[in-house]
Amino acid sequence: MPENLFIGKSLIGKKIEQSTRTLGDIRFIFEKGDQITLQQASRIAYNVSSYLPEKEGTPGGLYFGITNLYPGLVGDEYFMTKGHFHANRDTAEFYWGIEGEGVVILMDEQGNIKGEKMFPGSLHYIPGRMAHRVANVSDVSLSFGACWYSNAGHDYKTIEQKGFTARLKKVNGAPQLV
Ligand code: M6P
Ligand code: ZN
């Protein structure tokens, strides 16, 4: 038997690490983040189960994760992941949709931005040098898989400083990058 199992949207095994981000943790990514109340701030926005079989930084090793992103809005902006560039800009990543509907937002270093619809079975190749984040546009949880290099690293700072050049908002009931 393998040490870990990937069943539906669950990653199960001894070496699986769980991490959680609350709305409070990611308030800065939302235009109206300062309007998040104390009570809302403790709400979980998403959790990530990951299998990290190599030491962080190992060249050529792989990591595997499942992210579960809850539905909701902050103002007119959909709940989304923090988003990052890879610290090691040459490393790519795969995302794929498992459950629910969302949008993968991809932005290059010049700020050119595009969205790809995520749904069960959708496959998204994220080339190196592209910042990536996922928004949940449905009213159920969105689960997606990810596979990235153990030497990719997360550069959150660039996003903290500059943000993405467009926001995924609910406009007349439908998602739109504005
Ligand atoms: C995916 C991978 C992880 C990432 C997670 C949450 O599982 O890309 O590396 O940490 O999504 O995204 P973020 O780190 O941007 O909050
Ligand atoms: Zn990544």
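Biologist: Where does ligand 1 sit?

Modeller: Please keep in mind that this is a predicted model. A molecule is assigned to a pocket if more than half of its atoms lie within 2 Å of the grid points of that pocket. By that test, ligand 1 sits in the largest pocket.

Biologist: Which strands each supply at least two residues of the shell around ligand 1?

Modeller: The protein has 2 helices and 17 strands, and 14 residues surround ligand 1, with Tyr46, Glu93, Tyr95, His154 and Tyr156 as the closest. The strands that each give at least two residues to this shell are β4 (44–51), β9 (93–99) and β14 (142–149).

Biologist: How many charged residues does the shell around ligand 1 have?

Modeller: Sorting the shell by class gives 6 nonpolar and 5 polar residues, and the charged residues number 3.

Biologist: How far is an N or O atom in the side chain of glutamate 93 from an oxygen atom of ligand 1?

Modeller: A polar contact needs a pair of N or O atoms within 3.5 Å. Histidine 84 places a polar side-chain atom 2.9 Å from a ligand 1 oxygen, and for histidine 154 the value is 2.7 Å. For the side chain of glutamate 93, the separation is 2.7 Å.

Biologist: What share of the accessible area of ligand 1 does the protein cover?

Modeller: On its own, ligand 1 has 370 Å² of accessible area.

Key: Residues are numbered from 1 along each chain as its sequence is written. Chains are lettered from A and ligands numbered from 1 in the order in which they are written. This is a predicted model: local features need pLDDT of at least 70, side-chain atom pairs count only at pLDDT 80 or more; totals for chains, interfaces and linings use all residues. Side-chain values use heavy atoms; hydrogens and water are left out. A residue is near a molecule or strand if one of its heavy atoms lies within 4 Å of it. A polar contact is a pair of N or O atoms within 3.5 Å; within protein, one must be able to donate a hydrogen and the other to accept it, and residues adjacent in sequence count only if both atoms are side-chain atoms. Accessible areas come from the Shrake-Rupley method with a 1.4 Å probe; for residues, only the protein chains shown count as cover. On a 1 Å grid over the protein atoms alone, a cavity is a set of points where a 1.4 Å probe fits but cannot get out, and a pocket is an open set with protein on both sides within 12 Å along at least five of seven lines; lining residues have an atom within 4 Å of a point. Helices (H or I, at least four residues) and strands (E, at least two) are DSSP runs, numbered from the N terminus. Ala, Val, Leu, Ile, Met, Phe, Trp, Tyr, Cys and Pro count as nonpolar, Asp, Glu, Lys and Arg as charged, and the others, Gly among them, as polar.
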